[in-house]
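This report looks at one residue and its surroundings, and then at a pair of helices. Please keep the sequence and the structure in view while reading.

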Amino acid sequence: VLKDGKAIAKPLHCYSNDSINHFSIAWSDSLFMEGWEVKCISGTTVPSYKITEEKPLNSATPHSLFVNLGASVSDVLVMNAGYWGIAVTEGQKYNFQFHLFTEELRNAVVKAVLLDREEQVVASEEFRVVQDGSWNRYEGTFTVDVTANDLRFALLLPHKGKVYIDFVSMFPENTFRGHKNGLRKDVAEMLESLHPDFVRWPGGCIVEGLTMDNRVKWKETIGDIVERPGEYNLWGYRSTYGFGYHEFLQFCEDIDADGMFVCNAGMSCLFRNGDYWNGEHQINDLIQEALDAIEYALGDTTTTYGKKRAENGHAKPFPLKYVEVGNENIGLRYVKNYNRFYKAIKEKYPQIEIICALMFSPYIQDAEQIDILDPHYYETAGWFYNNADVYDKLPDDTPYKIYVGEYAAIGRPSLYSSLGEAAYLTGVERNADKVRMVSYAPLIQHAAHGRDHLLVLKNDSVYGRTNYYVLKMFSENRPDV
């Protein structure tokens with residue numbers, strides 16, 4: 001519900017103690033047009049436009065941009081600045097697409113253009129509009145003769161008629177391993193050079209969501225990117241799902257890593273709304289959702305989701321090895337659900353290693369079977385220095401293995417904090433009979449939001465902080481015993 005500048009979650013009981021968190025987030029109409037600008041190429045009059053549900057492209061994308069071109073005194077630019085400027089490299093190709101609906105612009109010319117900061121054209125391609133009362137996809141390729149990092153993508157439209165615009169996208173042709181709509185090559189290569197044994201997806205709290213409705217639903221993240229709804233996530237921005245379950249599995253295969261899929265255990269993030277599903281049929285649906293995800297990765301092409309994987313361009317199975325049930329969940333409600341997930345997954349896929357998200361909770365004793373336990377550590381650099389021996393103290397007969405799924409020294413990032421993490425990792429490595437795996441979190445952050453993750457991303461480059469090189473050092477110098 002939108003009220004007083006906030007999006008307010010339905011007040012449901014929190015799974016940890018049945019309290020009501022009254023969770024809300026700040027919301028404003030400007031978020032609908034974030035990144036976009038509509039203007040006339042001459043004069044100061046702005047044509048009328050709005051975000052509307054009148055002409056949906058498909059059920060996954062119910063909103064489009066309506067522009068009354070006829071109300072403008074000159075041709076209209078609909079512009080997007082990308083992620084703090086669009087970066088291009090001289091000689092490279094960039095594939096784009098956009099979708100238009102119009103009943104009044106037959107044979108009119110629309111231009112897709114790249115503009116510099118002075119709004120001079122860097123590259124352009126013309127399209128003759130198809131007018132048939134339905135949505136049409138237009139695709140093209142820019143080949144640029146400049147290197148820049150401050151461009152904007154724009155559609156130049158005539159000042160007549162009305163038009164609806166949706167799903168505008170531009171990708172470099174030269175992606176990692178050449179996959180269409182694939183990963184940015186420089187970013188993926190930085191991750192590959194860590195030689196990771198596994199990759200965890202979709203991550204941590206995003207698995208749970210702001211609410212149960214807001215959780216990641218993997219089936220919405222595969223197939224045609226135009227039909228992926230995306231979601232406003234609990235870190236305060238929109239996930240397009242352009243990097244979805246299939247792309248995650250493909251990336252694992254590309255870098256010779258095992259996949260770790262994290263499924264929702266029937267509860268949303270404890271620190272947000274915390275609402276949960278409790279009905280038997282609801283939990284059964286979530287268990288089936290997890291089983292279907294495993295089938296998509298491992299099933300042969302005679303199975304429902306193995307066939308769908310093949311239809312999406314990958315006939316052979318993907319390297320999925322682990323399934324984690326939930327993320328940072330606590331309490332008896334979680335344990336009861338976890339036990340059901342564990343039994344169902346092991347019955348059908350005994351080779352899958354299942355990870356419990358209880359951390360070091362007293363409710364461990366209520367779990368029927370734990371193969372791997374996932375504690376998380378967000379502590380000061382001093383804590384990491386002082387707890388390099390934390391797993392020395394764990395009994396040798398501990399009945400489960402440890403996976404440190406998330407760790408990071410909090411506070412101002414520095415070489416000191418990275419060395420604190422390194423000290424801690426010496427203890428993890430020394431206790432490799434107890435600690436099977438470790439992964440840093442959060443992994444990537446755009447420089448516009450901060451610089452306290454492992455990799456810092458810009459629109460034209462990416463670099464690792466000192467903690468990236470700590471992990472790289474451990475990866476490249478693994479002990480034999």
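Lys401 is found in strand E23, which covers residues 401-404; helices (H or I, at least four residues) and strands (E, at least two) are DSSP runs, numbered from the N terminus. Lys401 has a relative accessible area of 34% and therefore counts as partly exposed, a class lying between buried (under 20%) and exposed (over 50%), with a 1.4 Å probe and protein chains only.

Leaving aside neighbours within four places in sequence, Lys401 is in contact (heavy atoms within 4.5 Å) with Asp371, Ile372, Leu373, Asp433, Lys434 and Arg436. Asp433 is 32 residues away from Lys401 along the chain, with 8.0 Å between their C-alpha atoms, and a polar atom of the Lys401 side chain lies 2.6 Å from the backbone oxygen of Asp433.

## Helices H4 and H6

The axes of H4 (residues 280-298) and H6 (residues 331-348) come within 10 Å and cross at roughly 40 degrees. H4 and H6 are therefore oblique to each other, since angles under 35 degrees count as roughly parallel, over 145 as roughly antiparallel, 65 to 115 as roughly perpendicular and the rest as oblique.

## About the model

This is a predicted model, in which local features need pLDDT of at least 70 and side-chain atom pairs count only at pLDDT 80 or more, while totals for chains, interfaces and linings use all residues. Residues are numbered from 1 along each chain as its sequence is written, and side-chain values use heavy atoms, with hydrogens and water left out.

How values were computed: Polar contact = N/O pair within 3.5 Å; in protein donor to acceptor, adjacent residues only side chain to side chain. Axes fitted to C-alpha atoms, helices over the stretch in contact; angles between N-to-C directions.
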